[in-house]
Structure formats: structure tokens, C-alpha cells
Amino acid sequence: MIRTIATTPFDGQKPGTSGLRKKVTVFSQPHYAENFIQSVFDALEGFPGQTLVIGGDGRYYNSEVIQTAIRMAAANGFGRVMVGRGGLLSTPAASHLIRKYRAFGGIILSASHNPGGPDGDFGIKYNAANGGPAPEKLTDAIFARTRSITQYNIIDTPDIDLSRTGETKAGSMTVEVIDPVADYAGLMQSLFDFDAIRDLIRAGFTMKFDAMGAITGPYARRILEEMLGFPVGTVMNGTPLPDFGGHHPDPNLVHAKELVDIVMPPGGPDFGAASDGDGDRNLIIGRGMYVTPSDSLAILAANATLCPGYANGLAGIARSMPTSAAADRVAEKLNIACFETPTGWKFFGNLLDAGKATICGEESFGTGSSHVREKDGLWAVLMWLNILARRRQGVAQIVTAHWREYGRNYYSRHDYEEVDAGAAGELMDALRGSLPALIGRHGITAADDFAYDDPVDGSRSTGQGIRLMFEDGARIVYRLSGTGTSGATLRVYIERYEPDASRHAVDTQEALAPLIALSRSLAQIEQYTGRAAPTVIT
Ligand code: VG1
Ligand code: CO
């Protein structure tokens, strides 16, 4: 039976860089998740009778909201939902399912790299028929709806059993519970040379993959251990847990320290990788060598034709604005287009749909391609493995050879987390105001607040980050995070190009030291935030 429940709007249900993210304590208020889900449905048209994909990263509160989303999909007229067994789907796997089964869209329950558990974060994101995050036009419409909503629709039904694959009904809607891994694993097999990787393993190659207690455990075990034949135990922290086993599932050198300590020392495995809460990020390390995500994007692009799925070459490369320009040099050499988009995967969707870009990346440990419309952690790991298998060189060798050929973009991101939101806003306003006066000083040749004109649909996105460009090609970029749930996080991105190979072995923070100092003084970071140093450096 369909019930219509009266409700009133909540403040602040504005989707950020990647969906709506709030503390579990906020999400678990009566009607909170329901209001947002109904606002999504109200902003869409033409879905009655169609298929909706639903899944999440398994974090605390996932199992409750999955049931709510199914009941509401039924009440709003969807014909079928496809749900991952146990309510689980990685973000890239959900994107693939939407595309493969021509679903109308998908609801992904995740706060991605944010911590989970009762005191942690929860999130809801809507992806459209192309498999990608809702574009700004749609997220704006959803937000507008959250401010005027008066009722939502839900059916009365006992909880659906999601523990076994197969079909059941919720009201008149079909609920299909599927193996969350199978379709995705098949897609990976179609893109990469699994036989070459098996040969590499037989030759003694070893790796460690850290699933960080989050969603990629079942995917990595199936693909790396069962299909490719890496020994059992290659995947660590491989069971998805509601609190991620206490891990902060953000695959960087700080939060993936357990993996770094295994892989970095002499005698460690040849290769190490990790993914985040919802499986779309990747960390790549070799023995003694951390690969920055910006370099990883460039190296994957430069070597893509070694992989069967990309053997015919790339149409173009796209990177987010704060990502280093290492990929631009590869695009130039390959004589293909290079696009610079605002932060967030939603901006790559049009370029991928239009066939203008094949590979995309962000400095925030995100890399992906036209195979889905999300960044994809395991995809990046498998692409690295395919390249390592074909080149038969170590990670460090491949990276240093890349720098020799293209030059090195020294790059680092400094995060000032959980600073006072008002102060962070004032800092950005003051910096924006000082831009015209900065040009001509400190070697700054240009400065602006980044705006993006989408070359496919002509839409314009403004206020996407303050850029300072220097005469030698260096850059400092400032922006406020759109994924946090308490206070504000100021991100400062620092980059400098070094063509001279004899100067490629310098420590990154050292190589960037003068720019780092300038990044702090120009924005008066300590004066505004009280912080003399960042909380996380990647
Ligand atoms: C961060 C990253 C951005 C990424 C986004 C979602 O956003 O900087 O590059 O697309 O997270 O990643 P922000 O607004 O906090 O800087 V995920 O893996 O959390 O979906
Ligand atoms: Co993520």
C-alpha cells in the first residue's frame, strides 16, 4: 500500500562535490533521508516503469536507508530496482550496472572517503542514465525541491531480504538482488590483459591491496586473488564493515599507513595499492616510490595502448583544474586534446559521453576512463598491473623514466581541515579581492577564480577555485572542500615544473618550499584560521 507522508523541509540538503553528505546523527532524523530521496524523484521525469540501481558502500546506516530507498522507489512508480547483495555496490560498479542494464539511474549510498560509524558520515548521491553523477543542473533542481517539499511517498512492506540473489517484489515493483561483483569483474577482464598479469605473477611479482575495511574487499578478492591468482592474503582489510574497522577509508599516505609501512621498505612487495570507502579512489605505491595521483594519470595515459581496452589510443585526456599539468604534457606528445574541468567527477561526464576524452583524473586519488562514468579505484590498479606486466619494469623505474621524458611536475596538496567556516570564507573573499594587485608581484603573471564553460552543453560553472599562475609555470590553487561535514576544509594545491632530470630526486616538500611559504603568507592562512601548518599533506 502506498502511503503519502506529510513532511517539512530541512535546511542544508544541498548536494556538494559528490552528493549530500552529513553526519549519521543528521541523516537519522525522522524524514531526513526520505525528504532527500523524494526530492531526487521529484526532480526527475519519465521514470515510471523504469529500472533504478541501488547500492552502497556498506557503511553504518546503509542497511536502513537501502530499505527506505526501495520502498520509496516502489511508491514512486519505478518498475524494477537492481540491488547489490547485502545492499552493497561500489560506486564504479553501480555506474557500470546503470549503463549495462540501461537503467534510468541509480542511488548510491556513500560518503566515500569520509569516516563511517554512528559518529561518522553518511551520504546519498543520484547518478543519471549515463552512469555518472547528476550534473549541476539536476543537483540544483534537487536542492530547490528539498526547500519546498511537503510530502513523500513510501509503501508499507516488511524489510526485503537482500542476503540472497534473486527476484522478489516490493508492492508491484520487482526487486532483483544481484551479485555486486560479477558484472564489474567481467568489465575489467574485457579491458585488461589478464594473461599478461598472470605471467607476471608466475615470474614472482608480489603485491598488497588494502581495502581499508570498505567496499572494495569483495571486488579485490574476486579479481586479484580468485581470477588473477595472487595468493590469498594479498587483499588486506578485505571485509566491508559498518565502521570500516575504525579505518578512515581515504587512501593516502596518512590514512593508508599500514599499507605504506608494508610496501615501502626494502624486501616489501613489488606493488601496493588501496581504495577508499566506496571504491572509486586509488593509491599507487611501488617499493620506495609513492606515485602522486597526478603523475599516475599521466603515466596511465602515456602507456594506455599496452592495455587491450585502450589499444586504439585515447581520444583525449581530462583533468580537474587543481590536478597537476603532468597529463597535459602527455596529451601534447600524443597530439590529443586535454581538458581542464572543475573539481568533481560530474564535470567529466559530458566529455566522456561526447567521446572527447577517454581517460580522466583528479589529484585526489581519482582516475578513470570511458568504461564507466565514475572514477574507479580497482580499474587504476589493474591498469597499472597491465602496464607493469607488459613493461617488466618496477614502479620506480617507470616513474623516473616518465619524468626524464616529460619533466617532473612537483606537486603537493595541503589541507587545513575543520577550520572555522566563517573564517575560511573570509580568507577566500579577501584573497579574491587581492587578486588584481597580486599580478606582477612574486612572479605571478595571472590570477583568477576559475570558471568552466562546458564545451558540450555550454553550461558555465563559476567560483571553482582561486588560481595564482607564475611565470615559470608554477601554480598555487585555493579552494574550499565540498565534501566535508564539519567546519570548512581549505585545500591548497602547489605545483612547480622541473624539466631538468638532474633535479628530479628532490623531496617534494623541499622542492616546493618557497611556494609553500608563499601559499601561506599570500592567503594569510594563519591569521584567518589560526593554523600555522596543514593537518594533512598529500
Ligand atoms: C574531494 C576531492 C575531489 C573528489 C571529491 C569526491 O572533493 O577533492 O577531487 O572528486 O572529493 O571524491 P572536495 O570538494 O572535498 O575537495 V569521493 O572519493 O569522496 O566521492
Ligand atoms: Co570515493
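**View 1. Lining of the largest pocket in the predicted model.** The lining of the largest pocket is made up of 9 nonpolar, 17 polar and 9 charged residues, where Ala, Val, Leu, Ile, Met, Phe, Trp, Tyr, Cys and Pro count as nonpolar, Asp, Glu, Lys and Arg as charged, and the others, Gly among them, as polar. This pocket has a volume of about 810 Å³, the volume being the space filled by probe spheres set on grid points that are joined across faces, edges and corners. A pocket is an open set of points on a 1 Å grid over the protein atoms alone, where a 1.4 Å probe fits, with protein on both sides within 12 Å along at least five of seven lines, and lining residues have an atom within 4 Å of a point.

**View 2. The second largest pocket.** With a volume of about 640 Å³, the second largest pocket is lined by 43 residues, of which His 113, Asn 114, Ser 481, Thr 483 and Arg 491 are the closest to its centre. Its lining divides into 6 nonpolar, 19 polar and 18 charged residues.

**View 3. The cobalt ion (ligand 2).** Ser 112 (OG), Asp 276 (OD), Asp 278 (OD) and Asp 280 (OD) are the protein donors, at 1.9 to 2.1 Å from the ion; donors are N, O and S atoms within 2.8 Å of the metal (3.2 Å for Na, K and Ca), and water is not among the atoms, so sites may look incomplete. Along the chain these donors follow the spacing S-x163-D-x1-D-x1-D.

**Notes.** Residues are numbered from 1 along each chain as its sequence is written, while chains are lettered from A and ligands numbered from 1 in the order in which they are written. In this predicted model local features need pLDDT of at least 70, side-chain atom pairs count only at pLDDT 80 or more, and totals for chains, interfaces and linings use all residues, while side-chain values use heavy atoms, with hydrogens and water left out.
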